[in-house]
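Please read it alongside the sequence and the coordinates.

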Amino acid sequence: MAEDLIEHEHEETLSREEAAQRLRDLADQLARHNEISVDLNGLKTTVKVPSQLTFSLEVEVGEEGSEIEIELRW
């Protein structure tokens, strides 16, 4: 039987400092544990993370806005 795919996207407006804190919290979990737990609007998910993964960083700068996209894959 194939694994079920769970996908949840969440977007909200935060201050720069709040966004930095969210990234720090995620980084702390990644550094200390073999799993990451997220709670997005009441949907709590725990994801197991192996010791080796692929890190991807994409930066887009344009006249109408900029974007940084961080992706972790395993």
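The model is a predicted one.

**Fold and dimensions**

- The protein chain holds 1 helix and 4 strands.
- Its radius of gyration is 14 Å, well over the 11 Å that the globule rule gives for 74 residues, so the chain is more spread out than a compact globule.
- The C-alpha trace spans about 45 × 25 × 25 Å along its principal axes.
- Of the contacts between residues at least 6 apart in sequence, 15% join residues at least 24 apart.

**Burial and surface**

- Buried residues account for 4% of the 74 residues in the protein chain.
- The accessible surface of the chain is about 7,000 Å², and carbon and sulfur atoms contribute 49% of this.

**Charges**

- A search of the whole structure gives 4 salt bridges, including the pairs described below.

**Salt bridge between arginine 22 and glutamate 12**

- The side chains of arginine 22 and glutamate 12 form a salt bridge, at 2.8 Å from N to O.
- This pair links distant parts of the chain, 10 residues apart: arginine 22 belongs to helix H1 (residues 16-32), and glutamate 12 to the segment before H1.

**Salt bridge between lysine 48 and glutamate 35**

- Lysine 48 is in a salt bridge with glutamate 35, and their closest N and O atoms are 3.2 Å apart.
- Distant parts of the chain are linked by this pair: lysine 48 is in strand E2 (residues 43-48) and glutamate 35 in strand E1 (residues 35-40), 13 residues apart.
- Lysine 48 has a relative accessible area of 56%, so it counts as exposed.
- Glutamate 35 is partly exposed, because its relative accessible area is 26%.

**Salt bridge between arginine 16 and glutamate 17**

- Arginine 16 and glutamate 17 also make a salt bridge, with 3.4 Å between the closest N and O atoms.
- Both arginine 16 and glutamate 17 are exposed.

Key. Residues are numbered from 1 along each chain as its sequence is written. This is a predicted model: local features need pLDDT of at least 70, side-chain atom pairs count only at pLDDT 80 or more; totals for chains, interfaces and linings use all residues. Side-chain values use heavy atoms; hydrogens and water are left out. Helices (H or I, at least four residues) and strands (E, at least two) are DSSP runs, numbered from the N terminus. Buried means under 20% relative accessible area, exposed over 50%, partly exposed in between (1.4 Å probe, protein chains only). The radius of gyration is taken over C-alpha atoms; the globule rule is 2.2 Å times the number of residues to the power 0.38. Contact means heavy atoms within 4.5 Å. Accessible areas come from the Shrake-Rupley method with a 1.4 Å probe; for residues, only the protein chains shown count as cover.
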